[in-house]
Amino acid sequence: MAKQLSGGVFRSDLKLSDERDIYYYDSKEISRTAIDKRDDKAQPGIGHLRLDPLVNEWVAVASHRQHRVFLPPKELCPLCVSNGDKLTEIPDSNYEVVVFTNRSPALTTPGDNYKLPAVIGFDTPNADAAGACEVVCYTQDHGSTFAQLSPQQIRTVLEAWKDRDAQLSKLSYIEYVFPFENRGEEVGVTLSHPHGQIYAYSFIPPRVEKMLQAAASHLSKTGRVLLDDVIAREIKDKKRIICENSEWIAFVPYAARYPFEIHIAPKRGVASISQLDENQSQLFPALAKEVLTRLDGVFGIEMAYIASWYQAPVNTGRDSMRLHWQIVSVRRQPGKLKYLSGSESAMGAFIMDLEPEQSAKQLQEVKY
């Protein structure tokens, strides 16, 4: 029996042959009963976390990921539908949007009563790499992209993101849920089928820690939410706004780090993606489609990018951090990529070769 979600989307829960979970998301009620006919082995064992004492940051060690699939041809794509003797990760012969547990997860379900060790510096013990890694297939069309999806299809993807955020946030060992997409071999994509991923961590990742500290400090000093003030400045300046509607705004940030960087945020802030209401969810697809179409239109080629949803952690900062989507592209010209320099890779101190207002103007001038 399918479960009805918001936006007229239905979720069907099934199992793959190795007991991994698979969820089908459909814009109408469909009976999903296809059985995974593969005789698969159980998933690899759990990896582990090691603390880097120089910066007090957790590093996941998952050696089993060395053997994951790498850029297979379309006829061997594991994210396409199953068809006859071709058996893939998706047992059914069709789908709209599918989410399933990653076959080679960096993070996975720990044993009972899991607790991340306290950080005590050099002597911090290793821990199981607890968490979750899921694959989000945006469409069964192997040759498509997120930008080419219909608004209805994007809405279905959004409902899948919202639903998985809500479900993963209920797990006792999860501290942060991170939906994201890597597109293009330039950013390390190993499967060309249009898809994203969701990582759910048992710790708060370093970049989020910094964002959390900045947001908490701003709230303490001003009584206001930091992202609200960021959006207010963009609306006042006007120069860096790419597009907007009554619920969402897309802009090149004032201190962009990449040649093309776009932030998309709801004007009525929410802590997490699962909190988006009906009106926000309804108005997201058209704006998302426009942003990514403009990005591809700058040079008339598909731009490699990383699209990351930032939101409040599960158990802290929900009064100060707000949901937003950051899209960064490493392409600076048709035949040139931005490679991180020593300053950027080693020090995290970024250097921009053009002003954010210049890249905003290029995006604004794309005919849409």
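Which residue is the bridge partner of arginine 183 in β14? Keep that one in mind as you go through the views below; the answer turns up in the third one.

**View 1. The whole protein, seen as a predicted model.** Everything here comes from a predicted model, not an experiment. The protein has six helices and 17 strands. Its radius of gyration is 21 Å, close to the 21 Å that the globule rule gives for 368 residues, so the protein is as compact as a globular protein of that length. If you boxed up the C-alpha atoms along the principal axes, you'd need a box of roughly 60 × 55 × 40 Å. Of the 368 residues, 53% count as buried. Now take the contacts with a separation of 6 or more: 67% of them are between residues 24 or more positions apart.

**View 2. An open sheet of 12 strands.** Walk across this sheet and you pass the strands in the order β1-β2-β3-β6-β8-β10-β9-β14-β15-β13-β12-β11, with antiparallel pairing. The edge strands are β1 (3-4) and β11, and each of them pairs on one side only. What holds neighbours together? Strands of a sheet pair through backbone hydrogen bonds, either parallel or antiparallel. At the β1 end, two bridges join β1 to strand β2 (residues 10-15). Look for glutamine 4 there: its bridge partner in β2 is phenylalanine 10.

**View 3. Strand β9 and its two partners.** Zoom in on β9 (residues 176-183), where seven of the eight residues are buried, so this strand is largely enclosed by the rest of the structure. β9 is joined by five bridges to strand β10 (residues 195-201), and the two run antiparallel. Here valine 177 stands opposite alanine 200 in β10. β9 also pairs with strand β14 (residues 305-310), again in the antiparallel sense, over four bridges. And here's the answer to the opening question: arginine 183 has tyrosine 305 as its bridge partner in β14.

View 4. You'll find isoleucine 198 in strand β10. Buried or exposed? Isoleucine 198 has a relative accessible area of 1%, so it counts as buried, the cut-off being under 20%. Skipping residues up to four places away in sequence, isoleucine 198 touches a whole list of others, including Ala132, Cys133, Trp161, Leu168, Val177 and Phe178. Have a look at serine 308 as well: it is 110 residues away from isoleucine 198 along the chain, yet their C-alpha atoms are separated by 9.9 Å.

**View 5. A sheet of three strands.** This open sheet has the order β5-β4-β7, with antiparallel pairing. β5 (57-61) and β7 (127-128) are the edge strands, each pairing on one side only. Strand β4 (residues 48-52) is linked to β5 by five bridges.

**View 6. The nonpolar cores.** The largest nonpolar core has 79 residues, and those with the most contacts inside it are Phe146, Trp161, Ile264, Phe284, Trp325 and Ile327. Apart from this core lies another one, of 15 residues, among them Cys77, Cys80, Phe100 and Cys137.

**View 7. Helix α6 and what covers it.** In helix α6 (residues 356-365), the buried residues include Pro356, Ser359, Ala360 and Leu363. Why do these four sit on the same side of α6? They cover an arc of only 105° around the axis, which puts them on one side together. What covers the buried residues of α6 includes β11 (241-244), β13 (260-266) and α4 (278-297).

**View 8. Cysteines without a disulfide.** How many disulfides does the model have? The count comes to zero. Take cysteine 133: the nearest cysteine sulfur, that of cysteine 137, is 15 Å away, whereas a disulfide needs the two sulfur atoms within 2.5 Å. Cysteine 133 is also buried, with a relative accessible area of 2%. Cysteine 243 counts as buried as well, at 8% relative accessibility.

Methods. Residues are numbered from 1 along each chain as its sequence is written. This is a predicted model: local features need pLDDT of at least 70, side-chain atom pairs count only at pLDDT 80 or more; totals for chains, interfaces and linings use all residues. Side-chain values use heavy atoms; hydrogens and water are left out. Buried means under 20% relative accessible area, exposed over 50%, partly exposed in between (1.4 Å probe, protein chains only). The arc is that of the directions from the helix axis to the C-beta atoms. Contact means heavy atoms within 4.5 Å. Two strands pair if DSSP finds at least two bridges between them. A nonpolar core is a set of buried Ala, Val, Leu, Ile, Met, Phe, Trp, Tyr and Cys residues joined through side-chain atoms within 4.5 Å. The radius of gyration is taken over C-alpha atoms; the globule rule is 2.2 Å times the number of residues to the power 0.38.
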